[in-house]
Amino acid sequence: LPDVWDQGVIKGLRATDGFEVDMAWDDGKLVSSRIKSLLGSAGVLRYNGKDIHLDLDKGEEFELNL
């Protein structure tokens with residue numbers, strides 16, 4: 001994120017393969033994220049050098065709280 005975006009929230013961001021993403025950050029670092037599958041599909045969440053493999057049913061959500 002740009003340095004001028006020290007804090008913020010994004011809701012309803014659409015990602016490939018039918019995912020909807022909400023995320024919040026503070027002091028330039030991610031503090032939480034919610035990924036919802038709109039179609040029911042698999043994907044990979046990459047954060048901080050780690051891969052989290054997701055296989056979500058339609059409407060299912062995954063939450064990452066740091």
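**Close-up views of a predicted model**

**View 1. Arginine 14 and its partner.** Arginine 14 is exposed, at 59% relative accessible area. In this predicted model, its side chain meets that of glutamate 20 in a salt bridge, with an N to O distance of 3.6 Å. Glutamate 20 counts as buried, at 16% relative accessibility.

View 2. Arginine 34 forms a salt bridge with glutamate 20, where the closest N and O atoms are 3.0 Å apart. Arginine 34 lies in strand β3 and glutamate 20 in strand β2, so this pair ties together parts that are 14 residues apart in sequence. Arginine 34 also forms a salt bridge with aspartate 22, the closest N and O atoms being 2.8 Å apart. Aspartate 22 lies in strand β2, so its pairing with arginine 34 in strand β3 ties together parts 12 residues apart in sequence. Arginine 34 is buried at 14% relative accessibility, and aspartate 22 is buried at 15%.

**View 3. The salt-bridge network.** Salt bridges link Arg14, Glu20, Asp22, Arg34 and Glu61 in a network. The model has five salt bridges.

**View 4. The largest pocket.** Its volume is about 280 Å³. The lining of the largest pocket has 17 residues, and Val21, Ile35, Val44, Leu45 and Arg46 lie nearest the centre. Strand β4 gives the largest share of this lining, six residues. By class, the lining has 12 nonpolar, three polar and two charged residues.

**View 5. Glycine 40.** Glycine 40 sits in the loop between β3 and β4 and is partly exposed, at 34% relative accessibility. Leaving aside residues up to four places away in sequence, glycine 40 touches Leu56, Asp57 and Lys58.

Note on methods. Residues are numbered from 1 along each chain as its sequence is written. This is a predicted model: local features need pLDDT of at least 70, side-chain atom pairs count only at pLDDT 80 or more; totals for chains, interfaces and linings use all residues. Side-chain values use heavy atoms; hydrogens and water are left out. On a 1 Å grid over the protein atoms alone, a cavity is a set of points where a 1.4 Å probe fits but cannot get out, and a pocket is an open set with protein on both sides within 12 Å along at least five of seven lines; lining residues have an atom within 4 Å of a point. Grid points are joined across faces, edges and corners, and a volume is the space filled by probe spheres set on the points. Helices (H or I, at least four residues) and strands (E, at least two) are DSSP runs, numbered from the N terminus. Ala, Val, Leu, Ile, Met, Phe, Trp, Tyr, Cys and Pro count as nonpolar, Asp, Glu, Lys and Arg as charged, and the others, Gly among them, as polar. Buried means under 20% relative accessible area, exposed over 50%, partly exposed in between (1.4 Å probe, protein chains only). Contact means heavy atoms within 4.5 Å. A salt bridge is a side-chain nitrogen of Lys or Arg within 4 Å of a carboxyl oxygen of Asp or Glu.
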